[in-house]
Amino acid sequence: MNRGTQAKLREITQKLSDILEQDTDEQVMVFTDNKVLMDLCGQINLLLLDRQKMKADFRKQEIASKKMLSNISHDIKTPLTVILGYLEIMRLSNCEDTMLQKVETKAKQVMDLIDQFFTLAKLEAGDKNIEKVKINISELCKENILVYYELLMQKDFTVDIVIPEQAIFVQGDKESIDRILCNLLSNAICYGSDGKYIGLFLWEEDDFVYIDVIDRGKGIEKQFAVSVFERLYTMEDSRNRSIQGNGLGLTIARNLARQMGGDILLQSEPEVQTIFTVKLQRYLDYYKKL
């Protein structure tokens, strides 16, 4: 190895050492005609770019975690404060029946929030066991829409249900699919109430089964479409306490779908139509796979 090459290697080593020691986002720049040294610098810079990306991702996750803990703490504290207030009134005035009912409602809100928080934590940590079995998704869709049917009639919604007569089967977890459908249907009723419409369409294509949950409400602007699946993201309408969510429901729903080998997709044209599509693996008999 000639002296010129050795000098360039020392220069590269020193520059790399400075970048790591000072924790900067610089790259190694060395002027040389030696192709091997140029290739080496190129590979080093690719590693530095990967390092920068990991640092950025870590910072983003750290901020999201802090925000999550902050919001969860606030959301738990609010109903607990109300509970304590009602308990004090009960102690002072004996108005037990009405107060007890309100305390119970608020306590359930706390329990639901805690349940969602730990469900998401287990999903993200890979600690939640999801057993995939053969499920009649046609019947499951009917059962879930029937839960809301009376409410939809009271609210004067137009309801479109399209489920093929022949049973369709998926490979998944019943409890998880129930939770996904419950979240999507309740969201469509709350956030899409202006459109007075809800649609549930079940269809299949190749190795997958799809469930479209459709509303014609305010919709979701394109720049926010990805964010709705992020932890603790709530739409602007959530400032209205009557329909406020906690920003965990869709995150949990998508995590559950992906754990079953599927996904949840979103298409929205504001004031026209919003479609959340659940994608699930179609159940294939052993002999059909051969």
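This is a predicted model: local features need pLDDT of at least 70, side-chain atom pairs count only at pLDDT 80 or more; totals for chains, interfaces and linings use all residues.
At 6% relative accessibility, Thr 277 counts as buried, because buried means under 20% relative accessible area.

Thr 277 belongs to strand 7, which covers residues 273-281. Its side chain makes a polar contact with the side chain of Asp 212, at 2.7 Å. When its neighbours within four places in sequence are left aside, Thr 277 is in contact with Tyr 210, Ile 211 and Asp 212, and also with Asp 263, Ile 264 and Leu 265.

Not counting residues up to four places away in sequence, Gln 52 touches Asp 25 and Glu 26.

The table sets the two residues side by side.

| Residue | Element | Relative accessibility |
|---|---|---|
| Thr 277 | strand 7 (residues 273-281) | 6% |

Helix 4 runs over residues 137-154, and its 18 residues reach 27 Å from the first C-alpha to the last, which is close to the 26 Å expected at 1.5 Å a residue. At the N-terminal end, helix 4 is capped by Asn 136, of which a side-chain oxygen lies 3.1 Å from the backbone nitrogen of Ser 138. Further along there is a kink of about 40°, centred on Tyr 148. Tyr 148 is also one of the buried residues of helix 4, which include Ile 137, Ser 138, Leu 140 and Cys 141 as well as Asn 144, Ile 145 and Leu 152. After the helix comes Asp 156, whose phi is positive, near 60°.

Which residues have the most contacts inside the largest nonpolar core? They are Ile 137, Ile 177, Ile 180 and Ile 211, in a core of 46 residues. Several elements each supply at least two residues of this core, among them helix 3 (96-125), helix 4, strand 5 (208-215) and strand 7. The largest share, seven residues, comes from helix 5. Ile 177, apart from its neighbours within four places in sequence, is in contact with Ile 135, Ile 137, Leu 140, Val 170, Gly 172, Met 260 and Leu 280. There is also a second, separate core of eight residues, including Val 28, Val 30, Leu 37 and Leu 48.

Note on methods: Residues are numbered from 1 along each chain as its sequence is written. Side-chain values use heavy atoms; hydrogens and water are left out. Helices (H or I, at least four residues) and strands (E, at least two) are DSSP runs, numbered from the N terminus. Buried means under 20% relative accessible area, exposed over 50%, partly exposed in between (1.4 Å probe, protein chains only). A polar contact is a pair of N or O atoms within 3.5 Å; within protein, one must be able to donate a hydrogen and the other to accept it, and residues adjacent in sequence count only if both atoms are side-chain atoms. Contact means heavy atoms within 4.5 Å. The expected span of a helix is 1.5 Å times one less than its number of residues. The bend at a residue is the angle between axes fitted to the seven residues ending there and the seven starting there. A nonpolar core is a set of buried Ala, Val, Leu, Ile, Met, Phe, Trp, Tyr and Cys residues joined through side-chain atoms within 4.5 Å.
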